[in-house]
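Reader: I'm new to this one. Can you walk me through it, starting with the charged pairs?

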Amino acid sequence: INMQRAKGREVVPMTLIALVVIKGNDGRFVATHEVDGWYLPAGRVDFGETFATGARREAREEAGVHVNLLGLLRIDHTPGMGSGRMRAIYLAEFDDTKEHLRTVEQADHEIIEATWVNINELYNKTLRSKEVITLFKYASTATRVHPVNVLTGTDGPLVNNSKVSSFLIFSITVVITDPEGRYLGRRTADGKWTMPSMVLPRPMQLQTAASMLLTTDTRITLDITALLRIHHTPPESEEETGRVHTIFAACLPTEQHSALPEDPSPSQPYAYRWFADLACFQNDPDFDTSASFHCGGPQTLQTVAEIPRHDWCDPALIGLESQNLVFLSNIHTPTA
């Protein structure tokens, strides 16, 4: 198994992939005619790139155009013990309407051409994958596209276009509120408060891990209600690991509050307390101002404060690749 350990955590190589659904004002989509069949602009995110950078580059390389990323349609996360992959599926438009798609004269060993198509035209073509029809149908009927900044990141100092996988540590924070709108803080034995967070000890589904965040010490399984942010930090060098930190939200019913321990003990390392709002949380003298973004510190609270509630996303936005395709297929309106 191609795996390394970072401070006792299992870290596997992840392949990151960006797919770009380019939609025109007339309802048509950009399809790429590849040597293996018809598909859409897509490809592996190069080492050191963020998903957004990789998406724009793939659109430029495979379709021949610069694009604006309008939003996110889906995020696939498929963890594995030997390796894993994560895909971001963007909705996009031309950055410059005067640009032209690449033609047969520009064919190379991968792409023959790129062209505008109606969805029905794809049924008569040899497809690299039938998911291209599913994605185009979903994009044509989706009532809401998730904001691009649900998935954030900054390109690393080293971009290696010949390397397409990297070792990543995954971590989560869950913004836990109650019916009164208060925020739950967690205190460790050192007496400092943070938002409940966890670094995943092994590859696993992110929403599953988030629901189990309090299970060890309270036996509470959280009902994850929203996805706020996924932040990707590429490795700074090929010898280091990068990070993917995900912020979810959950609401804890009043009847479960009694299961939250109020004081830490040798057998119970955590204590919990409700804060009236984020300002009270951050201004508490025992708030851990040195905690990192990945550990529920100041940057985490600032991020939560900056995201309007109406931009909180359905947690189903991210899931297993196989589940996502079924999800997309079941909610689009069939094309006549």
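Predicted model: local features only at pLDDT ≥ 70, side-chain atom pairs only at ≥ 80, totals over all residues.

Author: The side chains of Arg273 and Asp284 meet in a salt bridge, 3.0 Å from N to O. The pair links distant parts of the chain. Arg273 is in strand β17, residues 271-275. Asp284 is in the loop between α5 (278-283) and α6 (298-306). They are 11 residues apart.

Reader: Is Asp284 buried or exposed?

Author: Asp284 is buried, because its relative accessible area is 11% and the cut-off for buried is under 20%.

Reader: And what does Arg273 count as?

Author: Arg273 has 36% relative accessibility, so it counts as partly exposed.

Reader: How many salt bridges does the count come to?

Author: The count comes to 12 salt bridges.

Reader: Why do such side chains pair at all?

Author: Side chains of opposite charge can pair when their charged atoms come close.

Reader: Pick another. What does Asp178 form with Arg182?

Author: A salt bridge joins Asp178 to Arg182, and their closest N and O atoms are 2.7 Å apart. Asp178 is buried, with a relative accessible area of 3%. Arg182 is partly exposed, at 25%.

Reader: Which residue forms a salt bridge with Glu61?

Author: Arg57 does, with the closest N and O atoms 3.2 Å apart. Both lie in helix α1, residues 51-63. They are four residues apart, about one turn of the helix.

Reader: Why does that spacing matter?

Author: An α-helix has 3.6 residues a turn, so residues three or four places apart point the same way.

Reader: Is Arg57 buried or exposed?

Author: Arg57 is buried, since its relative accessible area is 8%. Glu61 counts as partly exposed because its relative accessibility is 43%.

Reader: Which residues are linked with them in a network of salt bridges?

Author: The network links Asp46, Glu49, Arg57, Glu58 and Glu61.

Reader: Zoom out. How many helices and strands does the protein have?

Author: The protein has seven helices and 18 strands.

Reader: What does its radius of gyration say?

Author: The protein has 22 Å. A compact globule of 336 residues would have a value near 20 Å, so the two agree.

Reader: What does the C-alpha trace span along its principal axes?

Author: The span is about 70 × 45 × 35 Å.

Reader: What share of the residues is buried?

Author: Buried residues make up 52% of the 336.

Reader: What about contacts between residues 24 or more positions apart?

Author: Those account for 72% of the contacts with a separation of 6 or more.

Reader: Back to charges. How many are positive and how many negative?

Author: There are 30 positive and 41 negative charges. Their mean positions are 3 Å apart.

Reader: You mentioned α6. Which of its residues are buried?

Author: Pro298, Thr300, Leu301, Thr303 and Val304 are the buried residues of α6.

Reader: What covers them?

Author: The cover includes β11 (166-177), β15 (224-233), β16 (242-251) and α5.

Reader: Where does Arg219 lie?

Author: Arg219 lies in the loop between α4 (215-218) and β15. With 78% relative accessibility, Arg219 counts as exposed.

Definitions and conventions. Residues numbered from 1 in each chain as written. Heavy atoms only, no water. Helix = DSSP H or I, 4+ residues; strand = E, 2+ residues; numbered from the N terminus. Rg over C-alpha atoms; globule rule 2.2 N^0.38 Å. Buried < 20%, exposed > 50% of the residue type's maximum accessible area, 1.4 Å probe, protein only. Contact = heavy atoms within 4.5 Å. Lys, Arg positive; Asp, Glu negative; His and termini not counted. Charge placed at Lys NZ, Arg CZ, Asp CG, Glu CD. Salt bridge = Lys/Arg side-chain N within 4 Å of Asp/Glu carboxyl O.
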